Amino acid sequence: MPRDALTRDQIVRTAIELLDAEGLEGLNMRALGNRLNSAATAVYWHVKNKNNLVLLATDRVWSDLTLPDPAVNDWRTAATTMAIDLHAMFTRHPWLVQVLAAHVVYGEGKARHDDHSLAVYEAAGFTSDQADQATAAVFTYVLGNAAGTAANASLNRRLNEDPAAEAQLQDAMNKAREIAMRYPRLRARLETPAAAAYAASSDKTFETGLGALLDGLEQQLTL
């Protein structure tokens with residue numbers, strides 16, 4: 001495909017598809033060019049470099065989030081909806097966790113989301129400082145919960161690409177189990193879903209923790 005037949009929008013959307021399939025380490029201009037049926041050099045006419053492309057892809061994903069109207073929803077409903085949608089975004093695109101660890105992320109999409117989050121808490125009666133703290137606390141909680149999904153995605157890619165990885169994983173899991181057997185509470189949980197799979201957690205863990213976090217934030221309104 002000649003460079004004038006490509007668009008930045010097409011490149012960014014294809015980059016997201018590649019990132020979803022291969023992770024951050026799988027994104028390069030040659031692989032992207034193959035997906036676009038274009039020479040890698042043609043991509044550079046539309047994006048500066050890989051880092052620029054990663055930021056464009058990240059902000060495009062953030063722009064897809066639907067933001068609840070705080071005038072229609074009570075603040076807890078709006079805050080819960082935003083947190084669940086953000087968690088779902090990280091789950092659909094686990095490479096975002098890698099991006100946040102390696103890049104300064106900015107753009108219109110993320111700014112729009114962050115500004116709206118502050119508006120939700122300020123509409124509830126939180127002070128400016130409290131709204132800053134609330135948005136940071138909820139975002140950090142969501143990101144921490146999404147780390148397990150990102151770890152699983154990375155592990156599965158490694159297992160698919162490296163024949164020796166499965167044996168190495170099994171050896172590590174066996175050693176971890178052996179150590180856990182020495183501790184009574186860990187030993188009692190070895191047959192639970194959380195122990196059955198790498199980076200797994202019990203059902204409703206995210207929702208339970210989010211509710212507890214919002215309970216704590218709500219108490220600030222009564223002080």
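Visitor: Before we start, what should I know about the model and its numbering?

Guide: It's a predicted model, where local features need pLDDT of at least 70, side-chain atom pairs count only at pLDDT 80 or more, and totals for chains, interfaces and linings use all residues. Residues are numbered from 1 along each chain as its sequence is written, and side-chain values use heavy atoms, with hydrogens and water left out.

Visitor: How many helices and strands does the protein have?

Guide: Helices (H or I, at least four residues) and strands (E, at least two) are DSSP runs, numbered from the N terminus. Here you get 12 helices and 0 strands. The C-alpha trace spans about 60 × 50 × 25 Å along its principal axes.

Visitor: What share of the residues counts as buried?

Guide: Buried means under 20% relative accessible area, exposed over 50%, and partly exposed in between (1.4 Å probe, protein chains only). Of the 223 residues in this protein, 35% make the buried group.

Visitor: Which residues touch the most other members of the largest nonpolar core?

Guide: A nonpolar core is a set of buried Ala, Val, Leu, Ile, Met, Phe, Trp, Tyr and Cys residues joined through side-chain atoms within 4.5 Å. The largest one holds 49 residues, and Leu32, Leu53, Phe90 and Tyr121 touch the most other members. Helix 5 (residues 75-92) gives the most to this core, with 8 residues.

Visitor: What does Tyr121 touch?

Guide: Contact means heavy atoms within 4.5 Å. Leaving out residues up to four places away in sequence, the partners of Tyr121 include Trp75, Phe126, Val138 and Leu217. Across the protein, residues 24 or more positions apart account for 72% of the contacts with a separation of 6 or more.

Visitor: Back to helix 5. Why does His87 count as buried?

Guide: His87 sits in helix 5, and it counts as buried because its relative accessible area is 17%. Beyond its neighbours within four places in sequence, His87 is in contact with Val142, Asn145, Ala146 and Phe206.

Visitor: And Lys110: buried or exposed?

Guide: Buried, because Lys110 has 15% relative accessibility. You'll find Lys110 in helix 7 (residues 108-124). Not counting residues up to four places away in sequence, Lys110 touches Asp59, Trp62 and Val105. Take Asp59: Lys110 and Asp59 are 51 residues apart in sequence, yet 6.1 Å apart in space, C-alpha to C-alpha.
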